[in-house]
Amino acid sequence: AAAAGAAAGLWSEVNRCGQNGDFARALKSVNKILQINKDDVTALQCKVVCLIQNANFKEALAVINTHTKVLTNDVIAFEKAYCEYRLNRIESALKTIQSASQQTDKLKELYGQVLYRLERYDDCLAAYRDLIRNSQDEYEEERKTNLSAVVAAQSTWEKVVPEDLGLREATYELCYNSACALIGQGKLSEAMKKLQKAEELCRQSLSEDSDVTEEDIEAELAIIHGQMAYIMQLQGRTEDALQLYNQIIKLKPTDVGLLAVIANNIITINKDQNVFDSKKKVKLTNAEGVEHKLSKKQLQAIEFNKALLAMYTNQADQCRKLSASLQSQSPEHLLPVLIQAAQLCREKQHAKAVGLLQDFADQHPANAAEIKLTMAQLKIAQGSVTKACMILRSIEELQHKPGMVSALVTMYSHEEDIDSAIEVFTQAIQWYQQHQARTNHACCVFQPKSPVHLSLIREAANFKLKHGRKKEAISDLEELWKQNPKDVHTLAQLISAYSLVDPEKAKVLSKHLPSSDTMSLKVDVDALENSHGATYVRKKAGKLTGDNQQKEQGQGEVKKKKKKKKGKLPKNYDPKVTPDPERWLPMRERSYYRGRKKGKKKDQVGKGTQGSTTTGSSELDASRTASSPPTSPRPGSGAAVSATSNVIPPRHQKPAGAPATKKKQQQKKKKGAKGGW
């Protein structure tokens, strides 16, 4: 009786704590109840719930697994599946849900979440539709949000055109998911408008709560801004995208998945530039728990970019290791083997790279076309154009395509292998003739609105004419003309070709050409000549008067010649004197040039090297000044007081013959002297 009374009190405590949300105290009371009765099913269930509420999922799952006899799957299926789901044991959670005898609404909700994590979007969509149809409670808006998220995932990862679910986009979550679906369809402008609307709704809804700060709002908007930056990146606005990405990183959001995606996108913008920044961003993609936040394709893309970054940073071993790991995970994927081939090419091992690609093409015929195109590109880079052509011609599903035919003909022409080029045309024409019923309405890039094989025949004929194969070209043109006898263009080509080989045959065929009257296009020649794009514009005729008018009217008159202007004569021209025949030659090259006359040099100021004087050499001769008496200074020059301090430089001297001035020469202050004058 005492134990029963104590248990009743403990249950009351558990109930009160549960209502107050104090699950830690509730757990203590439950443990006391289990000490009284360790197999109490209700107490065990309460303990599991308390542990889940306190985020102790491992301990809760351990309690369930320890008491399997009491806590059967029918009793506690939801709690067990939820713990497994939160511990990222998604496959185990699915098995637990499917093994439950009764599918409750809670299990159905969790089932939808599990299917979404497993990327089984079709089953997930059906599960949420069933939930929305058969339930009416306050969680209807959340279910619709999850439903729109499934549609967005289908559009993004499976490229499925989403159907209109008729969801009213009243919340920013619904707007955001709708924008993601539009991005998957390539409707970037519409998606940007949806994201802007989602941002506005998010600000409105969060600003109503007084406890929410501006930092909280920016943190909530981070995922919307990240998607906006992604659209900018897809639109080629990389600078704007990079700026927005960096702003989000500065906010330091707690969502490791968002940070990993943004870091990866920055790496793709950097490419082989700014590799040090890319190496810093890679650390964000390695954060704990990222693998549980992103889809498989997102994680795969991040790993591909890691391998490419290793290649750009010359980490060859790391690049090979990452690409080999990716290839083992996805043996049929093209990118790992392409990265390995690119790394080999950087190491100048082109033959090994081609061999690697060839082995992959042999093992995976479904992807052989893309691989062989890469092999051909490598051969062209090596200068082996003929081998590249052989590889391209081995791609059966592409060898008849107009683009491939054009590429092969161009490459063979570059190598001057005209026979092989004509053979390419012939094989393509034969293929289209065999499949004419299927391609009758197809159009060709060479000749729009025309069957492909006829366009190829015309191009082959033009090619043969260009390279001197006239008879072969004539046979092609005759076949074209038989197909359409009313085609004047083909007939004109045929006549032109025959004129080079058989002029008589050309004359006979020319009778089939329509008359000039029927061929008139009713073109206004004057308007055409005077148009803006005309290379020749006819000048408007002016009014003719007098003799010019009479000459214009006379049919046999010769056009009046323009008068040449008389050259201007020099002012001192004397008609009696014969002009110098050498007047056009420079003076130095004339026969009578004798050079300049050597005369006395006049003293000039400012001429000569700096520091030189214009005085005579006799005055500067020290040997003569020692024996000869001192001479008086020249007129206009100052009296020399000190040879070292007061010599007037040549630029300051007055020229010879200038009037003398009685200007005092100021003495320079001696070094170390005190006072003034």
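**Figure 1. Met-404 and the residues around it.** Skipping its neighbours within four places in sequence, Met-404 is in contact with Leu-373, Leu-392, Leu-398 and Gln-399 (contact here means heavy atoms within 4.5 Å). This is a predicted model, where local features need pLDDT of at least 70, side-chain atom pairs count only at pLDDT 80 or more, and totals for chains, interfaces and linings use all residues. Residues are numbered from 1 along each chain as its sequence is written, and side-chain values use heavy atoms, with hydrogens and water left out. Met-404 sits in helix 22 (residues 402-414); helices (H or I, at least four residues) and strands (E, at least two) are DSSP runs, numbered from the N terminus. With a relative accessibility of 10%, Met-404 counts as buried (buried is under 20% relative accessible area, exposed is over 50%, and partly exposed is in between, using a 1.4 Å probe and protein chains only). Met-404 and Leu-392 are 12 residues apart along the chain, and their C-alpha atoms are separated by 7.9 Å.

**Figure 2. The whole chain, for orientation.** There are 31 helices and 0 strands in the chain. Of its 677 residues, 33% count as buried. Looking at contacts with a separation of 6 or more, 46% come from residues 24 or more positions apart.

**Figure 3. Ile-371 in the largest nonpolar core.** The largest nonpolar core has 54 residues, and Ile-371 and Leu-456 are the ones with the most contacts inside it. A core of this kind is a set of buried Ala, Val, Leu, Ile, Met, Phe, Trp, Tyr and Cys residues joined through side-chain atoms within 4.5 Å. Helix 23 (residues 418-434) supplies the largest share of this core, 8 residues. Neighbours within four places in sequence aside, Ile-371 is in contact with Leu-334, Val-337, Leu-338, Leu-357, Phe-360 and Ala-361. Another core, of 36 residues, lies apart from that one, and includes Ala-179, Ile-231, Ile-249 and Leu-259.

**Figure 4. Helix 10 against helix 12.** The axes of helix 10 (residues 172-185) and helix 12 (residues 214-234) come within 12 Å and cross at roughly 20°. Axes are lines fitted to C-alpha atoms, for helices over the stretch in contact, with angles running from 0 to 180 degrees between N-to-C directions. So helix 10 and helix 12 are roughly parallel to each other (under 35 degrees is roughly parallel, over 145 roughly antiparallel, 65 to 115 roughly perpendicular, and the rest oblique). Helix 10 passes helix 12 in a left-handed crossing, meaning the near helix is turned anticlockwise from the far one by less than a right angle. On the helix 10 side, the contact uses Tyr-172, Tyr-176, Cys-180 and Ile-183. Helix 12 brings Glu-220, Ile-223, Ile-224, Gln-227, Tyr-230, Ile-231 and Leu-234. By class, the contact of helix 10 with helix 12 has 9 nonpolar, 1 polar and 1 charged residues (Ala, Val, Leu, Ile, Met, Phe, Trp, Tyr, Cys and Pro count as nonpolar, Asp, Glu, Lys and Arg as charged, and the others, Gly among them, as polar).

**Figure 5. Helix 14 against helix 16.** The axes of helix 14 (residues 256-270) and helix 16 (residues 296-312) come within 10 Å and cross at roughly 40°. That angle makes helix 14 oblique to helix 16. Ala-260, Val-261, Asn-264 and Thr-268 of helix 14 meet Gln-298, Ala-301, Ile-302 and Asn-305 of helix 16. This contact has 4 nonpolar, 4 polar and no charged residues.
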